[in-house]
Amino acid sequence: MPTTDKPLRKLGFLTIGLFDEADPAAGHESTLQIIELGERLGFDSAWLRHRHFQFGISSPVAVMAAASQRTSRIEMGTAVTPLGWENPVRLAEDWATVDVLSGGRLNPGISVGPPMRWDTVKDALYPDTAETEDLSYGRVERLLAAVRGDELTDGTSIEGFEAYSNRVQPHSPGLASRLWYGGAGLKSATWAGEHRMNFLTSSVVRAEESEDFAEIQLSHVRAFRAAHPDGDAARVSQGLVVIPTDSATPEQVATYRAFAEKRLPRTAQPLGPQRMLFAPDIVGTSEEIAERLYAQAAFREIDEVAFALPFTFAHDDYVQILTDMATRLGPALGWKPAR
């Protein structure tokens, strides 16, 4: 078994929260049960994806609010919230509310740029302002100001029986330090560091300076920390698709390997005009997965992960995968469950 001088400090998982259009409640309940299971297994965090006009979680903030009342310790985040879908001030209110309800356990991750399928959805989102919406880093700066509690209006006032604040309410003082930026390129990594955010790097990067996934991801980690005031102590979380098979049935193993094999061709070369490069999914025993992770230069420089759960599996598959992650893979990476 390979070893590292830096044991894994935080183990998290990421889920898309699929549901059946005819019975959406069952899928959302499954997601809540998975988060509860994660807490019992000692995971440090559970992360939710956004899926708009699809059959996955479209409102992570609502799901996290529900989960906050069914858990007591596990942290919850988004990976990531595309800000092009959101009003930064309203989102800050929602996040602060859930952070207060959860006892300070929220870790929101965000990204900028035009939303996916922008030409299809822009008229529904912004029927009058789509062409003038600011989808740049400026939108993040508005969110940061709102979450920090900066003054956004002319001042406090009393009007009749109503009291008004000049900043977003409720204000959750620690939330700003738990905001993450999900970036796939060097520019985003550097910007996140300069703005004192945490950095999420995933299984997809932009092939700008190389076509070697691990080499590109390492350059992003180092660029982020070089720009961040905290330097090497700045928080980075890596998100890859890993599927441990230690306790899986033969049928489950076959399903997992077929899933990874189907997705493998997209890892061969950069795709599309933005040259997006994907990491291969890692399927195997926890010992095999640990060996492949330690072989990656970027993984050796981080101590937090949020492993992504495949999005087409059954509830029982997720139970097996999470159980193996917590009881086999995590310890193989030097991690100790939270209690």
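Modeller: This is a predicted model. Start with strand S14, residues 304–308, where 5 of 5 residues are buried. Look at its two faces. Glu 304, Ala 306 and Ala 308 sit on one side, and Val 305 and Phe 307 sit on the other. Both faces of S14 are covered.

Now find the partner. Strand S1, residues 10–15, pairs with S14 in the parallel sense, over 5 bridges.

Next, turn to strand S4, residues 106–111. It is largely enclosed by the rest of the structure, because 6 of its 6 residues are buried. Check the faces again. Leu 106, Pro 108 and Ile 110 are buried on one side of S4. Asn 107, Gly 109 and Ser 111 are buried on the other.

Strand S3, residues 75–82, pairs with S4 in the parallel sense over 5 bridges. Here Thr 81 stands opposite Ile 110 in S4. Stay on S3 for one more detail. Val 80 belongs to this strand, and the peptide bond from Ala 79 to Val 80 is cis, with omega near -5°. Why point that out? Most peptide bonds are trans, and most residues other than glycine have a negative phi.

There is another cis bond to visit. It joins Gln 169 and Pro 170, with omega about -5°. Pro 170 lies in the loop between strand S6 (162–164) and strand S7 (180–182).

Arg 117 is not a glycine, yet its phi is positive, about 55°. This residue lies in the loop between S4 and helix H4 (118–125). Arg 117 counts as exposed because its relative accessibility is 53%, and the cut-off is over 50%. Arg 275 also has a positive phi of about 55° without being a glycine. Its loop runs between helix H8 (250–263) and strand S12 (276–278). At 35% relative accessible area, Arg 275 is partly exposed.

Finish on the surface. Glu 208, Glu 209, Asp 212 and Glu 215 gather there in a patch of negative charge. Asp 212 sits in the loop between strand S9 (204–206) and helix H7 (213–227). Asp 212 is partly exposed, at 39% relative accessible area.

Note on methods. Residues numbered from 1 in each chain as written. Predicted model: local features only at pLDDT ≥ 70, side-chain atom pairs only at ≥ 80, totals over all residues. Heavy atoms only, no water. Buried < 20%, exposed > 50% of the residue type's maximum accessible area, 1.4 Å probe, protein only. Helix = DSSP H or I, 4+ residues; strand = E, 2+ residues; numbered from the N terminus. Pairing = 2+ DSSP bridges. Patch = residues over 30% accessible without salt bridge, like charges linked within 9 Å, V, L, I, M, F, W, Y side chains within 5 Å. Areas by Shrake-Rupley, 256 points an atom, 1.4 Å probe, with all protein chains shown as cover. Salt bridge = Lys/Arg side-chain N within 4 Å of Asp/Glu carboxyl O. Lys, Arg positive; Asp, Glu negative; His and termini not counted. Charge placed at Lys NZ, Arg CZ, Asp CG, Glu CD.
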